Amino acid sequence: MSILSSKAHIIVVANEKGGTGKSTLSMHMATKLLYENFKVAVIDLDGHQGSLTKYIENRRNFCTKNKIQLPSPVHYVFEPVAKEANKEEIENLIAELSTRFDAIIIDTPGSRNYLFELAHKFLHTLITPIGDSLIDLSAIADINPETGEILKSGHYAEFVWETKKKLAANDLPYLNWIICGNKVSSLRSKNKDMVFAKLESLSKLYGFRFTQGLKDRVIYKELFLDGLTILDMTSPKLHRRMCMSHLAAKMEINSLAEFIFP
């Protein structure tokens with residue numbers, strides 16, 4: 001994972017649409033890096049929803065209850081406040097964490113607010129999870145479903161383009177933007193094939209890399225209750241057996257991590 005060779009690599013998981021699985025993805029990527037012996041901090045900027053925060057709380061409670069230790073990231077949480085009063089606090093925190101950690105993973109709200117925009121100010125890698133529907137695709141581009149023609153750029157693609165220009169103007173590193181399928185149906189469909197084919201073709205135009213990512217597996221939902229990830233399943237401390245579906249999920253996570261962190 002040479003991409004993490006300099007302190008600290010800031011990874012933002014963001015999409016202007018809720019329900020795309022940002023928190024599950026954030027937790028799995030954080031755990032993957034921890035098992036690779038990187039020092040990882042996570043910041044939950046979606047404190048009102050708090051999915052990532054709840055995930056980590058579940059993990060701590062599970063470890064306490066079972067008297068075991070599993071790698072866990074250092075965790076911070078924020079939610080919107082009046083007059084953006086915590087904006088400077090967050091900026092100072094990110095600057096301080098950058099001197100002590102190899103990676104900082106920031107989980108963002110599912111709609112644009114000042115916290116969402118603030119996260120995009122510091123990032124090196126942007127991970128955008130997306131479903132396999134035209135509704136999800138509309139954040140990147142509006143497509144004519146009959147002809148496949150691009151009608152206009154999506155609101156989030158335009159926002160990322162502006163972010164890229166600001167980063168370049170400040171002589172900051174080139175943004176590594178990755179769009180990955182998440183919570184994707186395991187069944188093949190004409191709609192999914194069209195969405196993913198369109199994302200492949202849009203990748204050069206909009207400057208991102210696309211991977212089909214993670215399927216919609218029950219195991220991810222079940223593990224959340226204990227704060228576990230599929231990467232923890234092989235730990236001898238858990239004494240859990242893995243079925244073929246679990247092994248496939250682990251392969252998906254590892255493949256995604258290799259794609260994100262070449």
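Where is aspartate 46 placed? I began there and found aspartate 46 in the loop between strand E2 (40-44) and helix H2 (51-66). A reminder to myself before going on: this is a predicted model.

**Entry 1: aspartate 46**

Aspartate 46 is buried, yet it has no salt bridge. The nearest side chain of opposite charge is lysine 22, and I read 5.5 Å for that separation. I then listed the contacts of aspartate 46, leaving aside neighbours within four places in sequence: they are Phe78, Asp107, Thr108, Pro109 and Gly110.

**Entry 2: strand E4**

Is E4 enclosed or open? I went through the two faces in turn. Ala103, Ile105 and Asp107 are buried on one side, and Ile104 and Ile106 are buried on the other.

Next I looked up the pairing. Strand E1 (residues 9-13) runs parallel to E4 and is joined to it by 5 bridges. Within that pair, isoleucine 11 stands opposite isoleucine 105. E2 also pairs with E4 in the parallel sense, over 5 bridges. There I noted isoleucine 43 with isoleucine 106 of E4 as its bridge partner.

**Entry 3: helix H1**

Lysine 22 from my first entry is among the buried residues of H1, so I followed the helix along residues 22-35. The helix has 14 residues and reaches 20 Å from its first C-alpha to its last, close to the 20 Å expected at 1.5 Å a residue. H1 is mostly covered, with 12 of its 14 residues buried. Besides Lys22, the buried residues of H1 include Ser23, His28, Thr31 and Lys32, along with Leu25, Met27, Met29 and Ala30. Just after H1, I noted a positive phi of about 70 degrees at asparagine 37.

**Entry 4: the nonpolar cores**

Which residues touch the most other members of the largest nonpolar core? I found Ile140, Tyr156, Trp177 and Leu199, in a core of 44 residues. A second, separate core has 38 residues and includes Ala30, Phe62, Leu238 and Ile260. In soluble globular proteins, nonpolar side chains tend to be buried together.

I then took leucine 199 on its own. Leaving aside neighbours within four places in sequence, leucine 199 is in contact with Ile130, Leu137, Ile140, Ile179, Phe208 and Phe210.

**Entry 5: lysine 198**

I moved on to lysine 198, which is found in helix H7 (residues 190-206). Is lysine 198 buried or exposed? Its relative accessibility is 19%, and lysine 198 therefore counts as buried. With neighbours within four places in sequence left aside, its contacts are Leu137, Ile143 and Gly148. I also looked at lysine 198 against threonine 163: the two are 35 residues apart in sequence and 23 Å apart in space, C-alpha to C-alpha.

**Entry 6: salt bridges**

How many salt bridges are there? The count comes to 13, and I looked into a few.

- Glutamate 96 and arginine 100 meet through their side chains at 2.5 Å, N to O. Glutamate 96 is partly exposed at 34% relative accessibility, and arginine 100 is partly exposed at 36%.
- Glutamate 162 and lysine 165 form a salt bridge, with their closest N and O atoms 3.1 Å apart. Both lie in helix H6 (residues 155-169), 3 residues apart, about one turn of the helix. Glutamate 162 is partly exposed at 37%, and lysine 165 is partly exposed at 42%.
- Glutamate 252 and arginine 217 form a salt bridge at 2.8 Å, N to O. This pair links distant parts of the chain: glutamate 252 is in helix H9 (residues 244-260), and arginine 217 is in the loop between strand E9 (209-211) and helix H8 (218-224), 35 residues apart. Glutamate 252 and arginine 217 are both buried. Through shared partners, salt bridges join Lys215, Arg217 and Glu252 into one network.

Definitions and conventions
Residues numbered from 1 in each chain as written. Predicted model: local features only at pLDDT ≥ 70, side-chain atom pairs only at ≥ 80, totals over all residues. Heavy atoms only, no water. Core = buried A, V, L, I, M, F, W, Y, C linked by side-chain atoms within 4.5 Å. Buried < 20%, exposed > 50% of the residue type's maximum accessible area, 1.4 Å probe, protein only. Contact = heavy atoms within 4.5 Å. Helix = DSSP H or I, 4+ residues; strand = E, 2+ residues; numbered from the N terminus. Lys, Arg positive; Asp, Glu negative; His and termini not counted. Salt bridge = Lys/Arg side-chain N within 4 Å of Asp/Glu carboxyl O. Pairing = 2+ DSSP bridges. Expected span 1.5 Å × (residues − 1).
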